[in-house]
Amino acid sequence: MIVQPKVRGFICTTAHPVGCEAAVKQQIDYVKSKGRLNGAKKVLVIGSSMGYGLASRISAAFGCGASTLGVMFDKEGGGNKTGTAGWYNTKAFEKFAAAEGLYAKSVNGDAYSDECKKEIIDIIKSDLGKVDMVVYSLAAPRRTVGETVYKSVLKTTGAPYTNKTIDLRNNTISEITIEPATDEEIEATVKVMGGEDWEDWINALKAADAIEDGAITLAYSYIGPKLTHPMYYEGSIGRAKAHLLATSKKITETSVKAYVSVNKALVTQSSSAIPIVPLYISILYKVMKAHGNHEGCIEQMYRLFSKLFNNELNLDGDGRIRMDDWEMLPEIQSEVTKAWESLSADNFKELTDIDGYWSDFYAMFGFGIDGVDYEADVEV
Ligand code: NAD
């Protein structure tokens, strides 16, 4: 069938199989052009099909030559419905890995569940023995524990917060007031996006003797500038990220070294859902591109892996890796703040890289990729 994008607000309900494959290939080619890293050899990536997790998996496989196991939550295509982008990305990744003789297996299931953990551990035991690195890159709206479904919310805390935002349905600037999350909502967000499940994974791997002593584990976080703090760093998601950081310290007291890496704000499926942040991202893109230091997921993750394996981590006072170093440079942030303050419906096109925002958005679903024939009939 001919596959076209169907965008509703901040999601696209279709994905292009050939476009996704080409986009994965671009990421692989980037990593190969940067050269080999002497790093991990058997890597588990939880949340491996999109965004930072996919870029981590590509960096591990094609940067370090690692065998990789991935966990994702995706849908296969069928009939006249396309699969999810993560499904096609994973198929493409496995194909390119196999072509280079790299071991790659993926489990499509709920990473929060005991069944999924067991399935992965069984594969590790039979195929790899033990893993030496675990990347935890889940971004999920909910988590089921027994009979209870916890739902994460993207809200502020304390008092309501009003600022500019972009309505992605029609690219218009407006003001939005974010209501504070209730204690119960904060608790649920911490359950979903905090460190509990990360620790459960590491404990399950240890109990099964499926992780090396001295293995490394990474999870991802975000801080951002003051203007996004009420929404992110001091919002319900920020509480979850604080829990993630506390968990890294807890894990590190054992035989596994855990790091939280603070990554750059980028267009991904999950960041598109956060109010205010997409508008900030579209200004940030404009400023960083002008300064020549803009990066996407793959540039961020390859740079992270190279810092990690070349012992150049340079941790901050709270023990975090700062991959947001370029985003947070004073010269970048002062220009972003200036643009933010003067932003209105009239100068919005001038002050933001909204076209770059949308082109990254479509690319996530395999659309607008160079060299792909979008008029051609494709198997979904
Ligand atoms: P994403 O939406 O692009 O990818 C999320 C991945 O998680 C996908 O592979 C998806 O299949 C998987 N997933 C979701 N629910 C799952 C489940 N129940 N079981 C198994 N897999 C599941 O997200 P992303 O933006 O790459 O975010 C990854 C991490 O990076 C998150 O912790 C996020 O907070 C963090 N981060 C993101 C940004 C950003 O700007 N996007 C910045 C800094 C940090």
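This is a predicted model: local features need pLDDT of at least 70, side-chain atom pairs count only at pLDDT 80 or more; totals for chains, interfaces and linings use all residues.

Author: Residues are numbered from 1 along each chain as its sequence is written, and side-chain values use heavy atoms, with hydrogens and water left out.

Reader: What makes Phe 62 and Phe 93 an edge-to-face pair?

Author: Rings of Phe, Tyr and Trp (its six-membered ring) pair if their centres lie within 6.5 Å; planes under 30 degrees apart are stacked, over 60 edge-to-face, the rest tilted. The centres of Phe 62 and Phe 93 are 6.0 Å apart and the planes stand at 85 degrees, so the pair is edge-to-face.

Reader: Why is the pair of Phe 367 and Tyr 374 called tilted?

Author: The centres are 6.2 Å apart, so the rings of Phe 367 and Tyr 374 pair. Their planes make 35 degrees, so the pair is tilted. The structure holds 12 aromatic pairs. One aromatic cluster is formed by Tyr 357, Trp 358, Phe 361, Tyr 362 and Phe 365.

Reader: Which parts does the pair of Phe 62 and Phe 93 tie together?

Author: Phe 62 lies in helix 2 (residues 51–64) and Phe 93 in helix 3, so the pair links parts 31 residues apart in sequence. Helices (H or I, at least four residues) and strands (E, at least two) are DSSP runs, numbered from the N terminus.

Reader: Are Phe 62 and Phe 93 buried or exposed?

Author: Buried means under 20% relative accessible area, exposed over 50%, and partly exposed in between (1.4 Å probe, protein chains only). Phe 62 has 3%, so Phe 62 is buried. Phe 93 has 0%, so Phe 93 is buried. Phe 367 and Tyr 374 are buried too.

Reader: What makes a set of residues a nonpolar core?

Author: A nonpolar core is a set of buried Ala, Val, Leu, Ile, Met, Phe, Trp, Tyr and Cys residues joined through side-chain atoms within 4.5 Å. The largest one here has 129 residues, and Leu 44, Phe 62, Leu 218 and Phe 305 have the most contacts inside it. Helix 8 (residues 277–291) gives the largest share of this core, 9 residues.

Reader: What does Phe 305 touch?

Author: Contact means heavy atoms within 4.5 Å. Leaving out residues up to four places away in sequence, the partners of Phe 305 include Leu 37, Met 133, Val 135, Leu 218 and Tyr 220.

Reader: How many bridges join strand 3 to strand 6?

Author: 4 bridges join strand 3 (residues 42–46) to strand 6 (residues 131–136), against a cut-off of at least two, so the strands pair. Val 45 stands opposite Val 135 in strand 6.

Reader: What about strand 9 and strand 10?

Author: Strand 9 (residues 161–167) and strand 10 (residues 172–178) run antiparallel, joined by 7 bridges. Lys 164 stands opposite Glu 175 in strand 10. Their hairpin has 4 residues between the strands, and Asn 171 takes a positive phi near 55 degrees.

Reader: Why does Gly 70 count as buried?

Author: Gly 70 is at 0% relative accessibility, so it counts as buried. Gly 70 lies in strand 4. Among the residues it touches are Val 45, Arg 57, Lys 105 and Ile 120.

Reader: And why does His 229 count as buried?

Author: His 229 is at 13% relative accessibility, so it counts as buried. His 229 sits in the loop between strand 11 and helix 7 (236–252).

Reader: What puts Arg 303 over the face of Trp 326?

Author: A charge sits over a ring if NZ of Lys or CZ of Arg is within 6 Å of the ring centre and within 35 degrees of the ring normal. Arg 303 lies over the face of Trp 326, at 3.6 Å from the ring centre. Lys 91 lies over the face of Trp 87, at 4.9 Å.
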